[in-house]
Amino acid sequence: MKYDSIEKSFRCKQLCKKEKSCRIHRCNRTCCNLDIHQCELVCGKRLSCGVHTYKELCHFNFCLNCSLFDQEIKSHECGHSANHWCHNDGECPPCTHAVPKMCVGEHMSFDVQCHVETVCYRQPCGKFLLCTVHTCQHSCQSFDQKCTQQCNLKRRECGHKCNLVCHGDEPCPETICDAIVKVICPCAQVEHY
């Protein structure tokens, strides 16, 4: 026994060897009378990301996954800071910052995630084609100004639709009409198409 002048009591010289809460370290206090031996050291183990270390107190079992954002250490090729959880992959996950992008047919701008390359507008384009008669009916394709729709003008000779490939505002070419018509024999007994 030894008299402790600070605590004004007698203390033994025996070192405590009880296991601390972390189950790694042991208490090394002289004449310890604690019931619970909480480890007060910082863990310091490298986390699953391979970049950061665990800054909490030493503990039993595994460290938690890294919950830090990568923004302090990495940025994407696009220049946006990384806004995802820390990871140990070689490449960062795709950038998810919202940016305005035009659809491929240049109809409308949409706010999409930065990593999205092709933006599609699901409505018909509606732009006038070179023929100046028809509008583009494709949804979000690169705008092709050549019109491939059918001409709906009536033929002068018979009154049926032209049905040729659109020729713009030029007069319909004179071609043989291929419309199917109903013909009744003079006797009214037989019908032909």
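Q: Hi! How many helices and strands does this protein have?
A: Hello! This is a predicted model, and the protein in it has zero helices and six strands.

Q: OK, and in what order do the elements run from the N terminus on?
A: They run β-β-β-β-β-β.

Q: How much of the protein is made up of buried residues?
A: Buried residues account for 23% of the 193 residues. As for the surface, the protein exposes about 14,900 Å², and carbon and sulfur atoms supply 52% of that area.

Q: What about contacts between residues at least 24 apart?
A: Take the contacts between residues at least 6 apart in sequence: 10% of them join residues at least 24 apart.

Q: Let's talk strands. How do strand 3 and strand 4 pair?
A: They pair in the antiparallel sense, over five bridges. Strand 3 covers residues 98-102, and strand 4 covers 109-113.

Q: Which residue of strand 4 is the bridge partner of Val99?
A: That would be Val112.

Q: Which other residues have a positive phi?
A: Thr132 is one of them, with phi near 60 degrees, and it is a residue other than glycine. Asn163 also has a positive phi, near 60 degrees, and is again not a glycine.

Q: Where are those two, and how exposed are they?
A: Thr132 is in the loop between strand 4 and strand 5, and Asn163 is in that loop as well. Thr132 counts as exposed because its relative accessibility is 54%, and the cut-off for exposed is over 50%. Asn163 has a relative accessible area of 35%, so Asn163 is partly exposed.

Q: Are Cys16 and Cys114 buried or exposed?
A: Cys16 counts as buried, at 10% relative accessibility. Cys114 is buried too, with a relative accessible area of 16%. The cut-off for buried is under 20%.

Q: What can you tell me about His167?
A: His167 is found in the loop between strand 4 and strand 5 (183-184). His167 has a relative accessible area of 16%, so it is buried.

Q: What is His167 in contact with?
A: Leaving aside neighbours within four places in sequence, His167 touches Cys151, Leu153, Cys162, Cys172 and Pro173. There is also a polar pair: a polar atom of the His167 side chain lies 2.9 Å from the backbone oxygen of Glu170.

Q: Which residues does the UniProt annotation "domain: NF-X1-type" cover?
A: According to the UniProt record, an unreviewed entry, that annotation covers residues 22-41, 49-68, 78-97 and 158-179.

Q: How much helix and strand is there in 22-41 and in 158-179?
A: Residues 22-41 are 0% helix and 0% strand, with end C-alpha atoms 9 Å apart. Residues 158-179 are 0% helix and 0% strand, and their end C-alpha atoms are 10 Å apart.

Q: One more residue: where is the place of Pro94?
A: Pro94 is in the loop between strand 2 (9-11) and strand 3. Its relative accessibility is 52%, so Pro94 counts as exposed.

Q: Which residues is Pro94 in contact with, leaving aside its neighbours within four places?
A: His76 and His115. Pro94 and His115 are 21 residues apart along the chain, and their C-alpha atoms are separated by 5.7 Å.

Key:
Residues are numbered from 1 along each chain as its sequence is written. This is a predicted model: local features need pLDDT of at least 70, side-chain atom pairs count only at pLDDT 80 or more; totals for chains, interfaces and linings use all residues. Side-chain values use heavy atoms; hydrogens and water are left out. Helices (H or I, at least four residues) and strands (E, at least two) are DSSP runs, numbered from the N terminus. Buried means under 20% relative accessible area, exposed over 50%, partly exposed in between (1.4 Å probe, protein chains only). A polar contact is a pair of N or O atoms within 3.5 Å; within protein, one must be able to donate a hydrogen and the other to accept it, and residues adjacent in sequence count only if both atoms are side-chain atoms. Contact means heavy atoms within 4.5 Å. UniProt positions are given in the numbering used here, feature names are shortened, and annotations may be inferred rather than shown by experiment. Two strands pair if DSSP finds at least two bridges between them. Accessible areas come from the Shrake-Rupley method with a 1.4 Å probe; for residues, only the protein chains shown count as cover.
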